[in-house]
Amino acid sequence: MNRHLVTLDDVTPADINALFDLAASLKAKQQQRLPHLVLQGKSLAMIFEKPSLRTRVTFEAGMTQLGGHAIYLAPADIRLGQRETVQDAARNLERWVDGIVARAFSHRTVERLAHYSRVPVINGLSDGHHPVQILCDLFTLWEKRGSLTGMRVAFIGDGNNVCHSWLQGAAKMGLHFTLACPPGYEPDPAVMARTQEQAKASGARLSVTHDPGAVARGADVLYTDVWASMGQEEEHAQRLRDFQGFQLDRGVQVQGGLPVEEFLGHREGKGRPLGQTLGPGPRLRQGFLTSSPRRAPVPVARMTGPEASKSWPACS
């Protein structure tokens, strides 16, 4: 496996399958309370330009459970590009820790950390990619459905960092991935072109549409993300207007002709990717699955009520 994880281009399908096997083994040991201190004596520096609940807690908890130690570095601790250059931060941290997680506004920051650091750098989120999140989501599907090849994933939302990593993951693992977004919110053309080329090897199909009902038709999984992410506060009102109709709700279910019982999503925030109701009967609520090499909770919006006979389980 490549030393860094900046995007999913840094791993091969074989790497991903090996990660899933390892994650499943470690998860089983954790549930059985069996020792699995594979990172004993290791330290992880966590550079967070953006605050986080899930990313911070799961990385810290994961390091503790694996016998290591995580050091949280808030924005004021380093002030990358102001008090410390990215190069200086990387060259100092590599002397003291065994790995670095960076949750940054700019993808270029993560790339530069990886360039200068001699210890592994993991992209915990940037404006360009969110690889660990998608590894978590793919692991969830792998646990629940078995083989990922040929699975049809419909992403209703923004062609953002999460979408970019989904395109890469789908291309590598042979999933059929379609994004439904408003005009003007398509993924980066360079990412789209590169992943289309990669998809030829796996048989994956990648596409973009502006019709959320059509994308739901025939899908195995419906996926969503917030409409306005951290750092896009000035765009929030405009995005709320632009994304009307691009919600996972009863309308999408009916248009798709699909008796959807499960939804998978990144997170729900001030943007409203999840409808408040799914019509008479079922209600939408937010649940979590513990499902990643770092035990990251993957948000799962589940229907409750008489029509939801196969809801995914809550936290394990």
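Let's start with two strands lying side by side: E3 (residues 99-103) and E4 are joined by 4 bridges and run parallel. You can find one of these links yourself, because a bridge is simply a pairing between two strands, and Ile100 has Val121 in E4 as its bridge partner. To get from E3 to E4, the chain passes through helix H5 (residues 107-116), and this β-α-β crossover is right-handed. Now check how well E4 is covered: of the 5 residues in this strand (residues 121-125), 4 are buried. Keep in mind as you look around that this is a predicted model.

Which residues of H1 are buried? They are Asp15, Ile16, Phe20, Ala23, Leu26, Lys27 and Gln30.

Just after H1 comes something to stop for: Arg33 takes a positive phi of about 60 degrees. Most residues other than glycine have a negative phi. Arg33 has its positive value although it is not a glycine. You'll find Arg33 in the loop between H1 and strand E1 (43-48). Is Arg33 buried or exposed? Its relative accessibility is 67%, so Arg33 counts as exposed, since the cut-off for exposed is over 50%.

Further along, Arg79 is another residue to look at: its phi is near 55 degrees, a positive value in a residue other than glycine. Arg79 also has a place in a loop, this one between helix H3 (75-78) and helix H4 (86-96). With 39% relative accessibility, Arg79 counts as partly exposed, because that label is for values between the buried limit of 20% and the exposed limit of 50%.

Now zoom out to the whole chain. It has 11 helices and 11 strands, and 52% of its 316 residues count as buried. Finally, think about which parts of the sequence touch each other: among contacts with a separation of 6 or more, 71% are between residues 24 or more positions apart.

Terms used: Residues numbered from 1 in each chain as written. Predicted model: local features only at pLDDT ≥ 70, side-chain atom pairs only at ≥ 80, totals over all residues. Heavy atoms only, no water. Buried < 20%, exposed > 50% of the residue type's maximum accessible area, 1.4 Å probe, protein only. Right-handed = clockwise from strand over helix to strand, strands pointing away. Contact = heavy atoms within 4.5 Å.
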